[in-house]
Amino acid sequence: MQQWTKKHWGKLYLPKLLRYAEEIQWESADYIFTISEQVKKLMIEYGVNSEKIIVNASKVDPDLFTPEIDGKNIKDEYELNNNFVIAFTGTFAQWHGIEILAESIKYLKDKIPSVKVMFIGDGILRGKIEEIIKRDRDKAGSELQLLNFERAFDAVKALDIGIQGERQVAEGL
């Protein structure tokens with residue numbers, strides 16, 4: 001699916017060669033795992049044998065994300081106590097609309113003076129998100145934090161609102 005990804009979100013060099021390489025991989029694979037039915041459908045349209053595709057949707061482990069754990073360590077570390085905490089958790093990618101969320105943070109401070117915003121994850125748009133946060137830090141205050149996935153389990157427990165954005169970025173997705 002690199003050809004599709006590069007075509008829609010990046011720069012596509014040598015498209016025929018990339019497509020040929022992907023077809024070899026698909027043909028050689030016993031199984032191909034994907035994260036959604038939409039991606040499975042797209043792969044089938046590209047010619048992947050549907051019997052090889054297994055959808056492994058994102059899930060949450062209720063033992064890790066339990067209400068009995070309060071997230072006090074994250075609240076203390078990032079000075080979140082007595083604040084209204086909003087966070088995005090996930091892949092920093094186009095289909096989550098994360099850059100739109102980052103651009104809108106500067107407007108929250110006027111509406112919710114105690115707001116603290118966190119971005120938890122990583123991905124292709126991390127650099128862009130870091131630039132937006134740095135640029136808007138004065139308007140939004142110092143409330144913006146970037147955390148790696150490893151901190152997600154603790155951080156989610158400290159949130160008032162968790163945001164999981166999604167937008168259609170191309171036909172079928």
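Helices, written H or I in DSSP and at least four residues long, and strands, written E and at least two long, are DSSP runs numbered from the N terminus. With that in hand, here are some exercises on this predicted model.

**Exercise 1. Find where Y13 sits, and decide whether Y13 is buried or exposed.**

Step 1: Look between helix 1 (2-9) and helix 2 (15-28); Y13 is found in the loop there.
Step 2: Take the relative accessible area of Y13, which is 61%. Exposed means over 50%, so Y13 is exposed.
Step 3: Y13, L14, L17, Y20 and I24 make a nonpolar surface patch of about 610 Å².

**Exercise 2. Work out how the helices and strands follow one another along the protein chain.**

Step 1: Count the elements: the protein chain has seven helices and six strands.
Step 2: Read along the sequence to get the pattern α-α-β-α-β-α-β-α-β-α-β-α-β.
Step 3: Strand 3 (residues 84-91) and strand 4 run parallel and are joined by eight bridges, and F84 stands opposite V115 in strand 4.
Step 4: Check how strand 4 is covered. Seven of the eight residues of strand 4 (residues 115-122) are buried, so this strand is largely enclosed by the rest of the structure.

**Exercise 3. Check the span of helix 5 (residues 98-111) against what its 14 residues should give.**

Step 1: The rule is 1.5 Å times one less than the number of residues. At 1.5 Å a residue, helix 5 should therefore span 20 Å.
Step 2: Compare with the model: the end C-alpha atoms are 20 Å apart, which agrees.
Step 3: Note that helix 5 also bends, by about 40 degrees at I105.
Step 4: List its buried residues: I98, E99, L101, A102, I105 and K106.

**Exercise 4. Which residue forms a salt bridge with R135, and where do the two lie?**

Step 1: Recall that side chains of opposite charge can pair when their charged atoms come close.
Step 2: The partner of R135 is E103, with the closest N and O atoms 2.6 Å apart. This pair links distant parts of the chain, with R135 in helix 6 (residues 126-140) and E103 in helix 5, 32 residues apart.
Step 3: Widen the view: E103, K106 and R135 are linked in a network of salt bridges.

Notes
Residues are numbered from 1 along each chain as its sequence is written. This is a predicted model: local features need pLDDT of at least 70, side-chain atom pairs count only at pLDDT 80 or more; totals for chains, interfaces and linings use all residues. Side-chain values use heavy atoms; hydrogens and water are left out. The bend at a residue is the angle between axes fitted to the seven residues ending there and the seven starting there. Buried means under 20% relative accessible area, exposed over 50%, partly exposed in between (1.4 Å probe, protein chains only). Patches are made of residues with over 30% relative accessible area and no salt bridge: like charges are joined within 9 Å, nonpolar side chains (Val, Leu, Ile, Met, Phe, Trp, Tyr) within 5 Å. Accessible areas come from the Shrake-Rupley method with a 1.4 Å probe; for residues, only the protein chains shown count as cover. A salt bridge is a side-chain nitrogen of Lys or Arg within 4 Å of a carboxyl oxygen of Asp or Glu. Two strands pair if DSSP finds at least two bridges between them.
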